[in-house]
Amino acid sequence: MTAVFSHGRLRLYLLKLLDDGPKHGYELIRLLEDRFLGLYAPSAGTIYPRLQRLEAEGLVSHTAAGGRKTYEITDAGRAELRQRAGELTALEADIAASVADLSTLAGEIRSEVRGSVRDLKRELSEATRQTRRTRTRWEEPAPPPRPASAAGPQAALLDEFDQRLTVFTAEVGRLVRARQFSDTQLRTAIRLLDGALDGLRRLLR
């Protein structure tokens with residue numbers, strides 16, 4: 001759970017959302033995700049236990065239809081919102097600040113991923129050139145002579161390597177631009193790219 005909802009503040013915000021009208025648990029999760037621009041979404045294991053406690057305290061009630069519970073704030077819940085109006089105003093301000101910070105961080109991570117992809121392509125291209133230069137040096141000595149056909153398959157493999165590298169770079173770029181990733185997904189993607197680059201460095205030494 002994001003730090004802005006520490007110390008029971010998520011409980012207060014759920015009351016605020018329900019004060020706008022009855023909702024089921026999934027709607028509350030989506031509303032919170034939208035409020036954080038998709039950068040944070042609480043799990044069902046976070047939301048439903050809190051709804052149950054609010055109901056046990058008489059602050060919300062629920063009706064069931066089609067196997068789904070719809071929660072509604074009670075008069076006691078509205079009274080608590082009125083009593084804690086100042087806290088709710090401060091919470092809204094903290095949420096706005098948190099969203100701004102998360103958006104900035106997500107932008108920095110996306111830029112880092114794009115930079116990592118460019119660096120990976122550049123280093124792989126350099127490794128390819130080094131491999132070709134090394135192959136040329138190996139072919140220069142007279143003894144023992146290389147079979148004439150030996151260069152063909154290797155050149156074909158190098159061409160295939162170039163094609164795969166281009167496809168890989170384009171696909172990674174497409175995936176990064178296609179949607180907004182969570183911080184965890186982007187950090188994992190960076191680690192995967194770094195791991196692939198380290199593996200190729202060891203292979204081509």
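Gly58 is partly exposed, with a relative accessible area of 31% (buried means under 20%, exposed over 50% and partly exposed in between, with a 1.4 Å probe and protein chains only). The model is a predicted one, in which local features need pLDDT of at least 70 and side-chain atom pairs count only at pLDDT 80 or more, whereas totals for chains, interfaces and linings use all residues. Residues are numbered from 1 along each chain as its sequence is written, and side-chain values use heavy atoms, with hydrogens and water left out.

Gly58 is located in the loop that joins α3 (44-56) to β2 (60-65); helices (H or I, at least four residues) and strands (E, at least two) are DSSP runs numbered from the N terminus. When neighbours within four places in sequence are set aside, Gly58 is in contact with Thr74 and Ala76, contact meaning heavy atoms within 4.5 Å. The C-alpha atoms of Gly58 and Ala76 are separated by 6.7 Å, although the two residues are 18 apart along the chain.

Helix α1 is largely enclosed by the rest of the structure, because eight of its eleven residues are buried. These are Arg9, Leu10, Leu12, Tyr13, Leu14, Leu15, Leu17 and Leu18. Just after α1, Gly21 takes a positive phi of about 145°.

The axes of α1 and α2 come within 11 Å and cross at roughly 105° (axes are lines fitted to C-alpha atoms, for helices over the stretch in contact, and angles run from 0 to 180 degrees between N-to-C directions). The two helices are therefore roughly perpendicular, a term covering 65 to 115 degrees. In this pairing, Leu10, Tyr13, Leu14, Leu17 and Leu18 of α1 meet Leu28, Leu31, Leu32 and Arg35 of α2. Beyond its neighbours within four places in sequence, Leu14 is in contact with Leu28, Leu32, Ile47, Arg50, Leu51 and Leu54.

The largest nonpolar core has 26 residues, and those with the most contacts inside it are Phe5, Tyr13, Leu14, Leu32, Leu51, Leu91 and Ile95. Such a core is a set of buried Ala, Val, Leu, Ile, Met, Phe, Trp, Tyr and Cys residues joined through side-chain atoms within 4.5 Å. Helix α1 gives the most to this core, with seven residues.

Terms used: Angles under 35 degrees count as roughly parallel, over 145 as roughly antiparallel, 65 to 115 as roughly perpendicular and the rest as oblique.
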